[in-house]
Amino acid sequence: GGGLKNALLGSLLVVGLATLVGIPVGIAAAVYMTEFAKSKVAFTVRFACDVLSGIPSIVMGLLAFQILVRPLHHFSAFSGALALAFIMLPVVVITTQEMLHLVPHSLREAGHALGIPSWRIASSISVRAAAPGILTGALLAISRVAGETAPMLFTAFGNPYLSLDPNAPIATLPHTIFTYAISPYDDWHRLAWGGALMLVLGILGATLLSRFILWWHQRSLNA
């Protein structure tokens, strides 16, 4: 009977899969660059992330199309999640690295003085101290990809029916808004405005949550 249920659930699935891929890889890369990599390696990776952050999202969609859609000969939620993970990755890497740079070096020196291995210092001291900022960066990255439409044209493709199969074409909220907005039907236009409102409220909620986390962490430090 129409509606946005299929698009809303599809967006949650695709963004959730992208989060499972993009955020752990981005945090791991940032920790490696900050805590273990040599200066030249860290500079190269950071430069690559800066370049990736400026690439149009439609290029990421074409990349995911070449990696998953074309070899498998069908669209899927997995390919859409891969495209969003590519977009999310540089945001997470850059944000996490900046947060790790704010951790006082004296904390790391204290860990070395106690004979703690470097990997344990990175996981238990550096990452733990920067955790609120890392979480905020992850939420901002999720907000960044939640409204992407162009990559979905080549990957998830859209689906007029409710489907939660990650290996099949799936509806997403931005793509459905685009489809309804260019249609000649007034009821579809109303659904497009409603979907846009849902998307804006979701991104606003994620932004407010990130600000609350930073405020709570700052308050705990001052207490």
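Biologist: Is Glu 148 buried or exposed?

Modeller: Glu 148 counts as buried, at 13% relative accessibility. Buried means under 20% relative accessible area, exposed means over 50%, and partly exposed lies in between (1.4 Å probe, protein chains only). This is a predicted model: local features need pLDDT of at least 70, side-chain atom pairs count only at pLDDT 80 or more, and totals for chains, interfaces and linings use all residues. Residues are numbered from 1 along each chain as its sequence is written, and side-chain values use heavy atoms, with hydrogens and water left out.

Biologist: Which side chain meets Glu 148 in a salt bridge?

Modeller: Start with the idea. Side chains of opposite charge can pair when their charged atoms come close. A salt bridge is a side-chain nitrogen of Lys or Arg within 4 Å of a carboxyl oxygen of Asp or Glu. Here the partner is Arg 144, at 2.3 Å, N to O. Arg 144 counts as partly exposed, at 33% relative accessibility.

Biologist: How many salt bridges does a search of the whole structure find?

Modeller: It finds 4. Some share partners: Arg 46, Asp 50 and Glu 98 are joined into one network.

Biologist: Where do Asp 50 and Arg 46 lie?

Modeller: Both are in helix α2, residues 39–53. Helices (H or I, at least four residues) and strands (E, at least two) are DSSP runs, numbered from the N terminus. Asp 50 and Arg 46 are 4 residues apart, about one turn of the helix. Their side chains meet at 3.3 Å, N to O.

Biologist: What about Glu 98 and Arg 46?

Modeller: Their salt bridge is 3.1 Å, N to O. The pair links distant parts of the chain: Glu 98 is in helix α4 (residues 77–101), Arg 46 is in helix α2, and they are 52 residues apart. Glu 98 is partly exposed, at 33% relative accessibility.

Biologist: How much space lies in the largest pocket?

Modeller: About 360 Å³. On a 1 Å grid over the protein atoms alone, a pocket is an open set of points where a 1.4 Å probe fits, with protein on both sides within 12 Å along at least five of seven lines; lining residues have an atom within 4 Å of a point. Its volume is the space filled by probe spheres set on the points.

Biologist: Which residues lie nearest the centre of the largest pocket?

Modeller: Asn 6, Asn 159, Pro 160, Thr 176 and Tyr 180, out of 18 lining residues. The largest share of the lining, 4 residues, comes from α9.
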